Amino acid sequence: MQTSTAVHGQVDADPNERAGEQSRSRAFTIAALAGALPAFVVDAWFVNLGRANFLQRPVFANVYDAQARTLFHGHWNVPPAVMGFEGFVIHGRTYSYYGPFPALLRMPILAVTSRFDGRLTQLSMLAAFAVALFGIARLLWRARSFVRPDAPFTRLEGVVTAVFLFVCGVGSAVLFPASRAIIYHEAEVWGTALALVGFDAVIGAFRRPSPARYALASFLAACALLSRPSVGLGPAVALGIFSLIAAWRAVRRTDPETTRRWSPVLAFGAAAAMPVLLYAYVNHTKFGTWFSLPLDKQLYSTFNPSRKAALAANGGSLFSVKYIPSTVWQYLRPDALRFWRVAPFVDFPVRHASVFLGERFDTLDRSSSVVASMPALALLAIAGVVVLVRRLRTDTALAFVVCTVAAAIAVFPTLALGFIANRYLIDFVPLLIVPAVVAIQSGLAVWNGSARRSQPARRARAPIVIGGVAVALAAFQLWTNAGITLTYQRMWAAPDAQVLRGFAGWQEAVASTVGTGGYRVLRLTSLPAKPPPDTLAIVGRCDGLYFGDPHYVWAQLEVGPSTHVRTRVRFVADARPGTRQSLVVMPGSPGLNVSVVAEGSDRFRFEVVDAAGHASTRSAITVPVDRTATVDVVIDPAIRATRVAVDGRTALDAQGTAIPAGTAQLVVPAAVSAVVRDVSPLPVTTPLCDRVRRG
């Protein structure tokens, strides 16, 4: 098909051809939206924790806000309290190692108000999900223009397009970051999203070069690299490879016009260099190094035993090729899932990742694999690579091959990192998507060819069988990724006991309905040190209900009135800062005291002094001062934990506190109180424990 471009000296396209192209483009857009919009809704449901609040205050979610505000003042260091243990202390100043792009996005809002500080993570992640789905759709359309540009847009193609977008959004590692609205996941989803649109822009610059396309590709590569340097590295690497290809072609050309020969080399080279230089500038400004991180300067490295051991064993770094055998095996192993009798009936493996060569890892977290959780995408990617290799002589095939190679290079830092976690699977998504879209379009071309030609029955059935297998694998991906994301969000990373309790109650209800048996229930007088996995334990007559984590820790689901005090209070708006008032005590000698401390205006914090005299507290939270609030105080000696929640929001979570035996008691202050007033107890019930005990 002819295109209108003066650069290559081609004639204007026929009006009928342009009309046909526009018609196909509209049909494709409608089909893509039909798949992307439901996927976006699912992503939004997860990232909002199933709630209708898009402006929650998740844990560790104000780093980008603080970084944006420091950039307003012309410096990179942030307040130490914002970074906590993740901060890097350089010359007495604290820095964040996260790329600044998500912080830059916040600046227009933060420039006019501070109302949304710490509450923009969900919206930012949703924007990143939208960009990721847009990038996938763009790559799918570009692959269509490569494989079958003049083919009519059929109903089958519309269905395939919609299903592919939905599966990519819900049935791949793109979904998992939605399990927690937290800075780690925000950085990862932005890095992947920008890498996807960056690869599309890079292919566009190679196929139809122009200053605007070079600039767009370079800009998106810089944004990706400044969001997450591993997966975000891909578009910059692709631009660099294209510069080398252009140089090779320039050397072989005999065109006497030197400028015409070497201009693509300079353009691609400059486009590749700009993102790398920007990243190096930011890194050097913060840490004094161009590309590496001084991990010995991170606060976490000063006290965490696992981190200290990993750094000591690996020369002060967490990156080494020695980690690659273990990470490659974990991220590619086909058995990195477990199927159990509790809804959603799929979960991470109980065992830790296998470690080869005796290397010391920083963390071996729960993780699935590319092959186990995304088999359809993995097979499509392999098929796409085969198609591209066969067509390598064309420029478009070469462009897709280069981007696939660049995406593979961008995965290398993830494989060389001494940290295994399921959230890193999203780094593999561009590597799968780039060749997979070619396989999708090639499959549609084969299907349409089979439909037009008269073939023997056996050959005619082959596309049907392949399509059936693809549908089955896609359904499997949807189940596994949604299942492990839900289980991780509501169980392994549950923000509070209420969420965990609700999820366990749902699991038990499903088990009762479908007859799968649910959890194994133990009735105990006290909790053993290490729980049997996948069990519920009832202590006493519902004094406590606990879940046995496969990684051998007890998780609290519900506790009775002896250790749970629930009360309605009214916080005093004009309380003097620093004023402390006891709220709950555990009698004894020594006893335990939970106090509320005024910080000024509507800011209060909670503090616990345990039986050993150790004080634990956390940052103040904003509470309502114009109405009553519900305060839950749980003092649980079974798991040595003291927790406080205000209207369901965690205000204190002290682990390992020394708690004496006894019954928690509410301290009712005088009518006129300095911190809280109108204190009245509320009943404490254990409906889930009662139901499990009766069952």
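What follows is a quick tour of a predicted model, starting with the cysteines.

**Cysteines**

The structure holds 1 disulfide. Which residues does this disulfide join? The partners are C542 and C689, with 2.1 Å from S to S. Since C542 sits in the loop between β6 (535-539) and β7 (544-548) while C689 belongs to helix α20 (residues 687-694), the bond ties together parts that are 147 residues apart in sequence. Turn to the S-S bond itself: the torsion there is about -100°, so this disulfide is left-handed. Are the two cysteines buried or exposed? With the cut-off for buried set at under 20% relative accessible area, C542 at 5% counts as buried, and C689 is buried too, at 0%.

Now for a couple of cysteines without a disulfide. C223 is in none, and the nearest cysteine sulfur, which belongs to C403, is 17 Å away. C223 is buried, with 8% relative accessibility. C403 is likewise in no disulfide; for C403 the nearest cysteine sulfur is that of C168, 17 Å away. The relative accessible area of C403 is 0%, so C403 is buried.

**Charged pairs**

In general, side chains of opposite charge can pair when their charged atoms come close. How many salt bridges does a search of the whole structure find? The count is 25, and here are some of them:

| Salt bridge | Closest N and O atoms |
|---|---|
| R106 and D65 | 3.3 Å |
| D395 and R249 | 2.8 Å |
| D690 and R693 | 3.9 Å |

Take R106 and D65. R106 lies in helix α4 (residues 101-110) and D65 in helix α2 (residues 63-72), so the pair links parts 41 residues apart in sequence.

D690 is partly exposed at 23%, as is R693 at 28%.

Elsewhere, a network of salt bridges links R580, E599, R605 and E607.

A search of the whole structure turns up 3 cavities of 30 Å³ or more. The largest cavity has about 70 Å³ of space. Its lining includes Q330, R333, H352 and D365; by class, the lining has 2 nonpolar, 3 polar and 4 charged residues.

How values were computed
Residues are numbered from 1 along each chain as its sequence is written. This is a predicted model: local features need pLDDT of at least 70, side-chain atom pairs count only at pLDDT 80 or more; totals for chains, interfaces and linings use all residues. Side-chain values use heavy atoms; hydrogens and water are left out. On a 1 Å grid over the protein atoms alone, a cavity is a set of points where a 1.4 Å probe fits but cannot get out, and a pocket is an open set with protein on both sides within 12 Å along at least five of seven lines; lining residues have an atom within 4 Å of a point. Grid points are joined across faces, edges and corners, and a volume is the space filled by probe spheres set on the points. Ala, Val, Leu, Ile, Met, Phe, Trp, Tyr, Cys and Pro count as nonpolar, Asp, Glu, Lys and Arg as charged, and the others, Gly among them, as polar. A disulfide is a pair of cysteine sulfur atoms within 2.5 Å. Helices (H or I, at least four residues) and strands (E, at least two) are DSSP runs, numbered from the N terminus. Buried means under 20% relative accessible area, exposed over 50%, partly exposed in between (1.4 Å probe, protein chains only). A salt bridge is a side-chain nitrogen of Lys or Arg within 4 Å of a carboxyl oxygen of Asp or Glu.
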